Each structure stands twice: as structure tokens, then as C-alpha cells.
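Subject: Structure handover

Hi,

Here is the structure I promised you. Please open it and keep it beside this email as you read.

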Amino acid sequence: MQRTCVLVVGSSVGMQSNACASTAWGSNWKQNCLPAWPLWGTPHAGSAFRTALGKEKPNSRRCWTASVFFGNCSFAKSWVQGKRTFDALYRRPSRQRSYLMVRGAVVLGASGLVGQRLQQRLANHPMFEVRALAGSARTAGTNPADLTWGLEGHAPALDLPPVFDVQDPGLVGKLHDLGVTWAFSAVPSDVALSLETRLVDGGFRVCSNASAHRRNADVPLVVADLNPQHLRVRPEGELLHACATNCTLIPLLMPYLALHRAFGVVNYHATSEQARSGAGYALLRGEVPLTPDIPGEAEKTMAELAWITGRLAQGQIEPATIDGRMRCQRVDVADGHIVDVVFELAQPVALQDVNAALDAFAPHPDAAGLPSAPLKPLMRVEGSVRREAHLWADGLGFPAEVNPATNLQAGMAVVVGDVEMEGSSRVRLRSLSHNTVRGAAGGVVLLAELASTQWS
Ligand SMILES: NC(=O)c1ccc[n+]([C@@H]2O[C@H](COP(=O)([O-])OP(=O)(O)OC[C@H]3O[C@@H](n4cnc5c(N)ncnc54)[C@H](OP(=O)(O)O)[C@@H]3O)[C@@H](O)[C@H]2O)c1
């Protein structure tokens, strides 16, 4: 079957563009062109088109462009608070052009939980293509198809050489030979410390889920749709290295920012309930016993909150001063980190104003339109947050049947619920995030999407 690549300009929001795209493609497009893409019935159809575009390699397959311009279509602009997305996308033609270039990538930590989420998310990605996997001596030399796959669904069908050993002195050269320019790191922190530096020195752009270089003055710590401006630390030199945050920070950070911007947060008290997958496959598979305590996690999370919300001044991050207390604990569920938080606000507020502030929380416009960016990074539900119902929140709804290899927004939104007032200025809420998606692989892929629009 021959697949034909179609570019629809204006496909990020607005069902009109999808309708026109479908017309351009022909009525049998779904069967003949891209049988796996869930176009109709999903508001992320525009992303599916862009994904289709990047999946094709312009120089290897026939590619033609049908451009459908909608200018200032008011419906598209207002559709599901998509105005920022629309404006950012239309004002940034360079971002759309960037989808035409597919960047070769290596995943470090091929057999691990986050490494496999990365492979899943990059398998159909419009901007990146996995060309190599690397791991420890334990898995080096293994055919990627023979690695045990631990996520839902099947391993993506990637045509790759045997797994490289991260300690191989010839690693950099082998990756260059494969056209790899980006590295996605999901190895333990002690391994990441020297490995990531070696790859940066070797000319690769490195985006990391490991904690080794977080809060390093030269390495930006970025949640792409919240503090993209931090990518610009060290303005005098080109940056090739960035880190995503700790997974537990995400469900704390989003409501914190929403309430702090609206009312000012004086302090917070948080308790986490972290899923087994947060500690990798060994705990998820029951190969090691579950212990409730997670040493060092609370301190790390609080420090990252201060760093992410800090000010960028003359190329340096000045961490914010935030009064908070946190306790982190592991619970016996597979996926999804919940934090239970009480925020003390700087002023008395009504519950409806708190709800309005949570509902109005908007992503930074720099991230709008990126393939993994949900339209709403924070979603509020009436009543309780539930992992079984809300884990795959995508910024618009709560899909139950998800293919994470094709739906890059699924699992990328944080969900808050159980919102209540305790007195006139204390807000209690519970906040849920998919720890291996938004808190790990999805977060770092979103970071790379953002970085690719800024790094040459
Ligand atoms: N799980 C989460 O929710 C989460 C969230 C945020 C960040 N992270 C971070 O992501 C990283 C991976 O976590 P994970 O949950 O995927 O753990 P995991 O399932 O235990 O996987 C660990 C991976 O690291 C590799 N590895 C172990 N020792 C190595 C060595 N000496 N040299 C090279 N590779 C080595 C393993 O490869 P081999 O099989 O080849 O040994 C495996 O692929 C960690 O830094 C973690 O802190 C995880």
C-alpha cells in the first residue's frame, strides 16, 4: 500500500480543517492511507495529520502538499479555548516547517519502563525517529525485538540495530553513522551523570528523564508548557542539554501555579500517593518489595518546584522562595501519582473563584501546537479524582481506550478534583498525573519538541 503525505496548514484546532483535510485526502483516505489514525471523533485530528506528515520521510516517499488556510476563522479560534494555540501556531511558521525534518534519535535505557514509553511515543512522532537503542552490558547486543516489552499493547515495530552498550567507547561514532542527533535519556541517575555529558560533548542534543543534571546551573530544567523560557539559560552559548522534572512534581506544580497566579500561595502541605511504576519495572513487576517510604523524594520535589517557578535573570535561575512541606509515599497501584495538597492562599476566596482559577489555567503559548502539548494541561473534575477514569486525560477529555503510540496528548493533562475550602483561605484538592507519561517520557518528548524549535 502506498501512503501519501498531506500537509494541512491550520490543522491544530478546528474541525473545519479536519473536514477539508479529509476532502483533500479523498473519502477513502482512512482505509487507503493511514488505517491506524483515529481522525474522526477526536479533536486531535490535526495532530494526527501532522504526525502522518512527519512519519513520512520526504526524500523516501512521494510527498505532496495540500495547504488549507483558514486565516482568522473565529470558530477555530474560540474552539475549546484554542485561541492561544491558534495564535501561536499561526504566528510561528518555523514550527510547522520543523515538522518537515525528522531528527534521528537514540533512546538510552532501552529495556526500562521509561525507555519503552519513549520508544512508544517516538514510534510515530512527526519530529523524531528512533534509530538506535542503548542500555547496559546486560542488554547490549540484543535484538530490540527480543527485549521484554512491559507496556500496554505491542512493542513498536522499529527497524533497529542491536542494542548498543552505553559504555562502548565507540558509541558516539556509531550513533553519528546512523544519523542520530538527539538522545532521550532514561537510565539511572548515576549512569546519566557521565553518559549525558559525553553525548553532549559528542554533539548530540540530550533531553533527560534522569535526575543527575537537574538543577545544574548550565542545564535547564523545563516543563515545556509552563517554563519554556528557562531553556534560555546560558544565553551566550548554544544549549544542547535539558532535563524534565521529577514525576511527583507535576501534579503539585500545576495547581500550585494556577492558584499562585490567581491569589498568591503562602504555603502548601502535600502528601503524595505514588504508583509502583514510578520506581521502574522491578517494582511494577513485583521483583522487589514495595516499601511506603521514598527517601529523598519530598526534598527533591520541593526543590524542583522552587527551581521551575524561579526567575531567569542574566542566564541564571533564581529559585523561588516557597514555604512548603511534603511527604512522599508509595502505594500499591500500577500507574498514576496523586498528591493531596492544602494550599494556604494570600487572601480569602470563594470556592467558585478557586474553581474558576483552576479552569482558566493556560499553558505557555510557546508550547502551543506542539504534538505532545495538551490544550489544557490542567483539568478539573467535579467530585473525586480517580485513576481508573482520569489517568489518560488529554486536555479535552478522559479517553478510556488509548493508543499511546498515536495519541500523544493522552496522559499529558493533570486532573484535579475533590476541591474544597478549609476556612476562608485554605484550599484542599487532590491532583493526579500519569507518572510515566506526563511525569516522564511524555514530558521529556514535549521538552524535546519545544527545544527543537529553538536549538538548531
Ligand atoms: N518511572 C518513572 O515514572 C520515572 C519518572 C521520571 C523519571 N524517571 C527516571 O527515568 C530513569 C529510568 O527509570 P525507569 O522507571 O525506566 O527504570 P527501569 O524500568 O528500572 O529501567 C532502567 C533502565 O536503565 C538501564 N540501566 C540500568 N543500569 C544501567 C547501566 N549501568 N548502564 C546503562 N543502562 C542501565 C536499564 O537497562 P538494562 O536492562 O540494559 O540494564 C533499563 O533500561 C531513571 O533515571 C528514573 O529516575 C522515571
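Start with two helices. Helix α7 covers residues 113-122, and helix α15 covers residues 437-452. Their axes come within 9 Å and cross at roughly 50°.

Which residues of α7 and α15 make the contact? From α7 come Val 114, Arg 117, Leu 118, Arg 121 and Leu 122. From α15 come Val 437, Ala 440, Ala 441, Gly 442, Val 444 and Val 445. Sorted by class, this contact of α7 with α15 has 8 nonpolar residues, 1 polar and 2 charged.

Keep in mind that this is a predicted model.

Next, find helix α10, residues 249-263. It packs against helix α12, residues 297-308. The angle is about 40°, and the axes are 10 Å apart. That makes α10 and α12 oblique, too. α10 passes α12 in a right-handed crossing. On the α10 side, Leu 249, Leu 252, Leu 253 and Tyr 256 make the contact. On the α12 side, look for Thr 301, Glu 304, Leu 305 and Ile 308. The contact of α10 with α12 divides into 6 nonpolar, 1 polar and 1 charged residue.

α10 also meets helix α13, residues 351-360. Here the axes come within 9 Å and cross at roughly 120°. α10 and α13 are oblique to each other, and the crossing is right-handed. In α10, the residues involved are Pro 255, Ala 258, Leu 259, Ala 262 and Phe 263. In α13, they are Asp 353, Val 354, Ala 357 and Leu 358. How does the contact of α10 with α13 divide by class? There are 8 nonpolar residues, no polar ones and 1 charged.

Now turn to the ligand. How many residues surround it? The count is 27. The closest are Ser 111, Ser 136, Arg 138, Thr 139 and Val 187.

- Ser 136: a polar side-chain atom lies 2.6 Å from an oxygen atom of the ligand.
- Leu 113: a polar backbone atom is 2.9 Å from an oxygen atom of the ligand.
- Gly 280: a polar backbone atom is 3.5 Å from an oxygen atom of the ligand.

Note that Ser 136 is also on the list of closest residues.

Best wishes

Terms used
Residues are numbered from 1 along each chain as its sequence is written. This is a predicted model: local features need pLDDT of at least 70, side-chain atom pairs count only at pLDDT 80 or more; totals for chains, interfaces and linings use all residues. Side-chain values use heavy atoms; hydrogens and water are left out. Axes are lines fitted to C-alpha atoms, for helices over the stretch in contact, and angles run from 0 to 180 degrees between N-to-C directions. Helices (H or I, at least four residues) and strands (E, at least two) are DSSP runs, numbered from the N terminus. Angles under 35 degrees count as roughly parallel, over 145 as roughly antiparallel, 65 to 115 as roughly perpendicular and the rest as oblique. A crossing is left-handed if the near helix is turned anticlockwise from the far one by less than a right angle, and right-handed if clockwise. Contact means heavy atoms within 4.5 Å. Ala, Val, Leu, Ile, Met, Phe, Trp, Tyr, Cys and Pro count as nonpolar, Asp, Glu, Lys and Arg as charged, and the others, Gly among them, as polar. A residue is near a molecule or strand if one of its heavy atoms lies within 4 Å of it. A polar contact is a pair of N or O atoms within 3.5 Å; within protein, one must be able to donate a hydrogen and the other to accept it, and residues adjacent in sequence count only if both atoms are side-chain atoms.
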